[in-house]
Structures are given as C-alpha cells and as structure tokens.
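Morning, everyone. I have one structure to go through today. Let me put it up.

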Amino acid sequence: MADIVVVFHSGYGHTQRVAQAVADGASAQLLAIDADGNLPAHGWELLAAADAIIMGAPTYMGGPSWQFKKFADASSKVWYVQGWKDKLFAGFSNSAAMNGDKDATLTYLWHLAMQHSGLWVSLGIMPSNSKAATRHSINYVGGYNGLLTTSPSDASPAEMARGDLDTAIAFGERVAEVARSK
C-alpha cells in the first residue's frame, strides 16, 4: 500500500470537503495548511515519507490561495536538496464559477511538482459532455490535468454536487493505483 498525503488549503470548507473525498478514494492522510499558511509540526515529515503528494487549493482571483502559495514557497528548502524527486504528484482546485480559472491553479500546482522533479498523475477520467450529463455525473466540469470542482458562492460545503465528490473519490483511487504500480 502506498503512503499518500493530501496537502491542501481551504478557505470556506469546500476544498476541505473535496480533499476528504480524494483522501477517501486514495486511502490517504489529510494535511491541512492553516489560515496563516502553515503546516502542523509534523507536516514536512509526512510529506517527506509520502510516495505521492496530492495538492489542493481553492482558486481565488485566478490562482491558488495565498496560504497555499506560502506553503509552496516554504517547500524551496525541500527543492534545494531535491527531497521530493520522483515522487508522484497530482492536484485539484475548487472555485465558485464553472470555469473560474481553475486551470490556472492546476497549472501552478503542476509547475510546483515539476520544480520538485516530480511525476504528475492526471485525472484519467473522460468528461461527461453529452446532453444527458448532469451535475451528478462524473467529471462534469471536464478536467484532464487534475480534478476540477465547482461550488456556487452561496452554497455550503454540504451542498456540493455529488458528481464532483464522486469524481474526487475516483481521482484518489487513480492516484493510489498509480502509486501502487510505481
């Protein structure tokens, strides 16, 4: 069994709910970045021991939250010694709008993984893009390079679309399968 960590920041609880679904699918440990952009005391050790790191951040103003960026900048100490070289990486983002520029956040996460000489795992699920598709369909938002989820700005985390959460579980399962075969 692979050791997988889901490291994430969530400002309003939606990204945390997605992180939990991804972690459930991957049998992974959650590692929350706090409101000040810091990891808990054991966080860096968990990431060092992980076979795969799944990163998650909400998309705010076309990119990840500043709290996630602070974590990314702090990872430069690991980068300097190539401490995460050849680890598997994957990513996800949530925003209020269907597009919401989430792809810019995923690109940021991909670049961070590449800086660390990591190996990226894509979503690997075809989009639900037929007329019969609904918000309850798997990969309705249509991501390829990572998991994309959408939460209306006036919806609570409990009101998230079942299809997005089912996609998150399937994404976690995919990362775990790839990690086991590595």
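Is strand β3, residues 52-60, largely enclosed by the rest of the structure or left open, and why? This is a predicted model, so keep that in mind throughout. Now the count. In β3, 8 of the 9 residues are buried, so the strand is largely enclosed by the rest of the structure.

Next, the partners of β3. Start with strand β1, residues 4-8. β1 and β3 are paired parallel, with 5 bridges. Look at Ile53 in β3: Val5 stands opposite. Now strand β5, residues 88-95. That pairing with β3 is parallel too, over 7 bridges. Ile53 comes up again here, with Phe89 as its bridge partner in β5.

Then there is strand β4, residues 63-64. β4 runs antiparallel to β3, and 2 bridges join them. Tyr60 has Gly63 as its bridge partner in β4. The two strands form a hairpin with 2 residues between them. One point on the turn: Met61 has a positive phi, about 50°.

Move along to helix α3, residues 66-74. Which residues of α3 are buried? They are Gln67, Phe68, Phe71 and Ala72. These four span an arc of only 145° around the axis, which puts them on the same side of α3. The face turned away from that buried side carries exposed residues, Trp66 and Asp73.

What do the buried residues of α3 pack against? Among the strands, β1, β3 and β4. Among the helices, α2 (43-49), α4 (76-80) and α5 (102-115). So we come back to β3, as the buried residues of α3 pack against that strand, and 8 of its 9 residues are buried.

Terms used. Residues are numbered from 1 along each chain as its sequence is written. This is a predicted model: local features need pLDDT of at least 70, side-chain atom pairs count only at pLDDT 80 or more; totals for chains, interfaces and linings use all residues. Side-chain values use heavy atoms; hydrogens and water are left out. Buried means under 20% relative accessible area, exposed over 50%, partly exposed in between (1.4 Å probe, protein chains only). Two strands pair if DSSP finds at least two bridges between them. The arc is that of the directions from the helix axis to the C-beta atoms. Contact means heavy atoms within 4.5 Å.
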